[in-house]
Amino acid sequence: MSAGVVIAGGGLAGQRCAEALRRSGHEGRIVMVCGEPLRPYDRPPLSKEVLHDAAAEERLSFRPERWYEEQAVELLLGTEAIGLDAGRRAVALSDGTSLPYTSLLIATGGRPRRLGAFEGFENVSTLRTLDDARGLRAAMVAGDRLLVIGAGFIGQEAAAAACKARMHTTIIETAPAPLAALLGAELGGWFADLHRASGVELLLSEQVEGVHGDRRVESVTLRSGRTVACDHVLVGVGIEPSLDWLGGSALGEGIVRTDVDGRSEVPGVYAAGDAAALFDPLLGRHVLGSHWETAGRQGARAAKAMLGLDPGPADVSSFWSDLYGTRVQYLGHAPLADGLSFDGDPRSRDFMATFTTAGRPVAVLLAGRPQMLPHARELLTTSNERNLG
């Protein structure tokens, strides 16, 4: 079996890597190892459209089947990478075979973090795959009570979908506001108000102390002593990299640290997306995990690095969400900021928030202003270039 580029993972980072390889003139073998029995598909809609519209599933695939045939990109569906022999440059697969590679992209993504107290119950979900979304959609019954653990973007988006399904929805969050650690109290409060205006109950600075029920969770007791009844529970407390398969390899099973172009410390091995901790030149350290847009750019950068091409300057970190009909977009590193200013009314759903450090922009949040995204990206790119220069 001839060696070529092996992409371990069928998510966005892997897809964009394959596309960039062909677009950049690579004519060698490309194999994508996809753990799910489905063509590579888009995950953000799983917590948005798919939760209230089964027809949205038809639009999930990144590319039609013929694209992979025309581009000679081999898909190994329902197959997982289970081991890496970096010395032999080979990836062991769950079907008992192995794949030789000249270059390997580790893009196996992440899996939802679980909470031991909720394990074993029939009516507890996480949300990462299409099957997860189907199960949660089936549980979204009008008049039922959904309990969301965690006010990250997955939890918030699921809560918004539950409201559309006319469920009674409660979010429990340990922080004093949604995304407070990232965006601070003022904008965290804006997210809280956004949910409350749509009828979602937010229980902030709270924590689950007890879970009650037999095969199904019937209620939880909080640290404050309050009891919250529920019909279904969604646990949305983040993800952890799916890297167990690297145990015993030269990389170990921990996070894969890379340079800004995705190169790991092992020759020929690259990483992108949730599996990678890329070096951020602005922060001067490796940054764990990534969101949708960033993962795609990382995959494309890694492809160019594999081919010895210049990937160009590093992109600004960014992500987006849709909540109650409002597009929210975030770029940069807000925790670096010592100042915050607004263009527009922060009490509305139409504003631009700019985070600054010593007057220099370091992050931007857009609410209801998607047309401002190119301006925001240029603002931060220019600011970063001046800082690094």
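Where does Leu38 lie? Leu38 sits in the loop between strand 2 (30–34) and helix 2 (65–70). The views below are of a predicted model.

**View 1. Leu38 in its loop, between strand 2 and helix 2.** Relative accessibility here is 34%, so Leu38 counts as partly exposed. Leaving out residues up to four places away in sequence, Leu38 touches Leu77 and Leu130. Gly14 gives a sense of scale. Leu38 and Gly14 are 24 residues apart in sequence, and their C-alpha atoms are 14 Å apart in space.

**View 2. Helix 4, a mostly covered helix.** Helix 4 runs over residues 153–164. Its 12 residues should span 16 Å at 1.5 Å a residue, and the end C-alpha atoms are 17 Å apart, which agrees. Of the 12 residues, 10 are buried. They are Phe153, Gly155, Gln156, Glu157, Ala158, Ala159, Ala160, Ala161, Ala162 and Cys163. These buried residues pack against several elements, including helix 3 (130–139), strand 9 (145–149) and strand 10 (168–173). Helix 5 (180–197), strand 15 (232–235) and strand 21 (318–323) are also among their packing partners.

**View 3. Arg166, in the loop between helix 4 and strand 10.** Arg166 follows helix 4. Its phi is positive, about 65°, although Arg166 is not a glycine. Most residues other than glycine have a negative phi. At 61% relative accessibility, Arg166 counts as exposed.

**View 4. Helix 5 and its kink.** Helix 5 has 18 residues. A straight helix would reach 26 Å at 1.5 Å a residue, but the end C-alpha atoms of helix 5 are only 19 Å apart. Just after the helix comes Gly199, with a positive phi of about 95°.

**View 5. The second largest pocket, with helix 4 in its lining.** This pocket holds about 210 Å³ of space. Helix 4 and strand 21 are the elements that give two or more residues to the lining. Which element gives the largest share? Helix 4 does, with four residues. The lining includes Glu157, Ala160, Ala161 and Lys164. Ser47, Lys48, Glu49 and His52 also line the pocket. So do Asp322, Leu323, Tyr324 and Gly325. By class, the lining has four nonpolar, three polar and five charged residues.

**View 6. Thr258 in strand 17.** The strand covers residues 256–258. Is Thr258 buried or exposed? Thr258 counts as buried, because its relative accessibility is 2%, below the 20% cut-off. Setting aside neighbours within four places in sequence, Thr258 is in contact with Arg263, Ser264, Ala271, Ala277, Leu278, Phe279 and His286.

**View 7. Ala358, in the loop between strand 24 and strand 25.** Strand 24 spans 350–357, and strand 25 spans 360–367. Ala358 is not a glycine, yet its phi is positive, about 50°. At 73% relative accessibility, Ala358 counts as exposed.

Technical notes:
Residues are numbered from 1 along each chain as its sequence is written. This is a predicted model: local features need pLDDT of at least 70, side-chain atom pairs count only at pLDDT 80 or more; totals for chains, interfaces and linings use all residues. Side-chain values use heavy atoms; hydrogens and water are left out. The expected span of a helix is 1.5 Å times one less than its number of residues. Buried means under 20% relative accessible area, exposed over 50%, partly exposed in between (1.4 Å probe, protein chains only). Contact means heavy atoms within 4.5 Å. The bend at a residue is the angle between axes fitted to the seven residues ending there and the seven starting there. On a 1 Å grid over the protein atoms alone, a cavity is a set of points where a 1.4 Å probe fits but cannot get out, and a pocket is an open set with protein on both sides within 12 Å along at least five of seven lines; lining residues have an atom within 4 Å of a point. Grid points are joined across faces, edges and corners, and a volume is the space filled by probe spheres set on the points. Ala, Val, Leu, Ile, Met, Phe, Trp, Tyr, Cys and Pro count as nonpolar, Asp, Glu, Lys and Arg as charged, and the others, Gly among them, as polar.
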